Amino acid sequence: MSDVQTWIKDTVTSTPVVLFMKGTAQFPQCGFSGRAIQLLKACGVDNVATVNVLDDAEVRQGIKDFSNWPTVPQLYVNGEFIGGTDIMNEMYESGELQTLLKNG
């Protein structure tokens, strides 16, 4: 496992809620990342750890390889890959995301 892959694994397993995104929670750099932050806030999550993939090309590619998912943002809860904004939206609408984050 490369250093980046090890770092990603450590990050997602040591922090309950991690969002790999473009930009920061305060200044998302794309609409999908902004929506992901909105969804987390709507679920009452204010302790999300964010990783700005625009800061490091290795992390930007590494997270895609780690999850085998081609796009960012990517949400991890308790070390488990949940999905991107589209999946977060669907889970939010069904109430599943709120339950996952409340119990996580």
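**Cysteines and aromatic rings**

Guide: This predicted model has 0 disulfides.

Visitor: Where is the nearest cysteine sulfur to that of C30?

Guide: A disulfide needs two cysteine sulfur atoms within 2.5 Å. For C30 the nearest cysteine sulfur belongs to C43, 18 Å away. C30 is therefore in no disulfide. Nor is C43, whose nearest cysteine sulfur is that of C30.

Visitor: Is C43 buried or partly exposed?

Guide: The cut-off for buried is under 20% relative accessible area. C43 has 18% relative accessibility, so C43 counts as buried. C30 has 21%, so C30 counts as partly exposed.

Visitor: Now the rings. How many aromatic pairs are there?

Guide: The count is 4. Take F20 and Y76. Their ring centres are 5.8 Å apart and their planes meet at 75°, so this pair is edge-to-face; the class needs planes over 60 degrees apart.

Visitor: Which strands hold F20 and Y76?

Guide: F20 sits in strand β1, residues 17–21, and Y76 in strand β3, residues 74–77. The pair therefore ties together parts 56 residues apart in sequence. Both residues are buried.

Visitor: What kind of pair do Y76 and F81 form?

Guide: A tilted one, with 5.3 Å between centres and 45° between planes. Y76 has 1% relative accessibility, so Y76 counts as buried. F81 has 24%, so F81 counts as partly exposed.

Visitor: Which residues do ring pairs link into a cluster?

Guide: The cluster consists of F20, F66, W69, Y76 and F81.

Terms used
Residues are numbered from 1 along each chain as its sequence is written. This is a predicted model: local features need pLDDT of at least 70, side-chain atom pairs count only at pLDDT 80 or more; totals for chains, interfaces and linings use all residues. Side-chain values use heavy atoms; hydrogens and water are left out. Rings of Phe, Tyr and Trp (its six-membered ring) pair if their centres lie within 6.5 Å; planes under 30 degrees apart count as stacked, over 60 as edge-to-face and the rest as tilted. Helices (H or I, at least four residues) and strands (E, at least two) are DSSP runs, numbered from the N terminus. Buried means under 20% relative accessible area, exposed over 50%, partly exposed in between (1.4 Å probe, protein chains only).
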